[in-house]
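This briefing reviews selected structural features of a predicted model. The points below are grouped by topic.

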Amino acid sequence: MLIYFNEQLIHVAPELRLFALREQKKPHADLLIINGYPVSEDQALKENDRVVLIQRGEQPTAAELEQLMMARHTPGVHEKIKNRCVGIAGAGGLGSTIATALTRVGVGHLIIVDFDLVEPSNLNRQQYFSDQIGLPKVKALQENLRRINPGIKVTAIQQRIIAENLSNLFGQVDVMVEALDAAEQKAMLTSNFLQKFPETPLVAASGMAGFEASNSIRTRKVAEGFYLCGDGTTAAEPGRGLMAPRVGIAAHHQANAVLRLLLGEKPE
Amino acid sequence: MRLKINGQLQNFAQELTISQLLEQLQLVPKQIVVELNREILTADRHTTTRLNDGDTLELIQFVGGG
């Protein structure tokens with residue numbers, strides 16, 4: 001019969017068992033994955049099974065890494081998102097955190113746009129390292145995302161976003177994310193994008209400053225194709241800063257809304 | 001003129017553009033996303049778009065932070 005072993009189609013004896021295959025191919029493998037599920041028990045293999053054998057601590061190949069990450073997600077999720085494209089406007093506390101989550105889950109292509117450089121004050125909540133201070137945020141983020149999951153494509157564009165360049169930057173995305181800082185910029189991006197691309201859903205955020213209760217942050221549908229995460233009211237202002245926990249909660253609301261949209265589910 | 005704004009019916013004495021409505025509601029136009037009858041309108045259309053009796057509006061206020 002035919003099976004896929006580490007993504008290669010191979011002939012094996014009929015009714016070959018998993019442990020026998022391991023003995024033949026990779027006796028020291030201690031991570032056994034069949035059709036995306038990690039398994040520990042020996043079992044008979046079936047025609048067209050996808051088997052990946054990995055030795056813990058060993059640097060995996062790109063194909064093995066993809067299998068390993070796939071195996072951690074719900075089966076079927078990876079297939080549905082690996083060819084999809086998400087646009088992220090802003091690479092600050094929201095954008096860098098959303099990009100990290102979508103990279104880990106394996107969204108195939110991220111387009112990230114931000115004009116700014118990494119500053120010391122960003123490190124209280126943004127997904128950068130102190131040795132990246134002074135680098136363009138999009139370049140630093142692209143490198144961090146590559147280190148997490150080299151299997152996805154990240155388009156990093158250092159540019160200020162205005163109404164006139166939206167179509168060029170984000171015309172091809174399946175889902176758009178608003179992850180900017182100033183209220184005026186958020187409203188500008190959201191209204192211009194939804195007016196130009198009424199068929200493409202947009203996930204925005206408003207209200208995540210301070211240390212109010214976590215559960216006040218929600219995901220709501222506020223207009224056609226327009227989803228808003230946050231508490232809706234808590235602005236960043238003198239005396240109420242932006243901090244990692246609550247910005248992270250709002251960012252992950254956004255990331256999960258994006259994932260749900262890509263999987264054909266309602267985000268709210 | 002009766003307008004449905006964020007699900008609530010409200011009465012207005014005179015004809016209004018979107019800009020005039022936002023001013024009357026004391027909202028900052030550049031921080032608001034306006035959806036009129038399920039269509040998003042950018043800020044450059046606020047002054048030229050007149051509202052009609054029975055219109056449905058969603059006014060979504062953004063606050064800063066990200």
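**Helix and interface summary**

- The buried residues of helix 5 of chain A are Lys137(A), Val138(A), Ala140(A), Leu141(A), Asn144(A) and Leu145(A).
- Viewed down the helix axis, these buried residues fall within an arc of 160°, so they line one face of helix 5 of chain A.
- Their cover includes helix 4 (93-105), strand 7 (109-113) and strand 8 (153-157) of chain A.

**Setting of Asn165(A)**

- Asn165(A) sits in the loop between strand 8 and helix 6 (166-170) of chain A.
- Its relative accessibility is 9%, so Asn165(A) counts as buried, the cut-off being under 20%.
- A polar atom of the Asn165(A) side chain lies 3.1 Å from the backbone nitrogen of Ile162(A).
- Leaving aside residues up to four places away in sequence, Asn165(A) touches Gln159(A) and Arg160(A).

**Interface of chain B and chain A**

- Chain B contributes 18 residues to the contact and chain A contributes 32 residues.
- The two chains bury about 1900 Å² between them, with 61% of it on carbon and sulfur atoms.
- Phe62(B), Val63(B) and Gly66(B) supply 34% of the area that chain B buries against chain A, more than any other three residues.
- The rule finds 1 salt bridge across the interface; the side chains of Glu224(A) and Arg38(B) meet in a salt bridge at 2.5 Å, N to O.

Methods:
Residues numbered from 1 in each chain as written. Chains lettered and ligands numbered in written order. Predicted model: local features only at pLDDT ≥ 70, side-chain atom pairs only at ≥ 80, totals over all residues. Heavy atoms only, no water. Buried < 20%, exposed > 50% of the residue type's maximum accessible area, 1.4 Å probe, protein only. Helix = DSSP H or I, 4+ residues; strand = E, 2+ residues; numbered from the N terminus. Arc of directions from axis to C-beta. Contact = heavy atoms within 4.5 Å. Polar contact = N/O pair within 3.5 Å; in protein donor to acceptor, adjacent residues only side chain to side chain. Buried area = accessible area lost by both parts, 1.4 Å probe. Salt bridge = Lys/Arg side-chain N within 4 Å of Asp/Glu carboxyl O.
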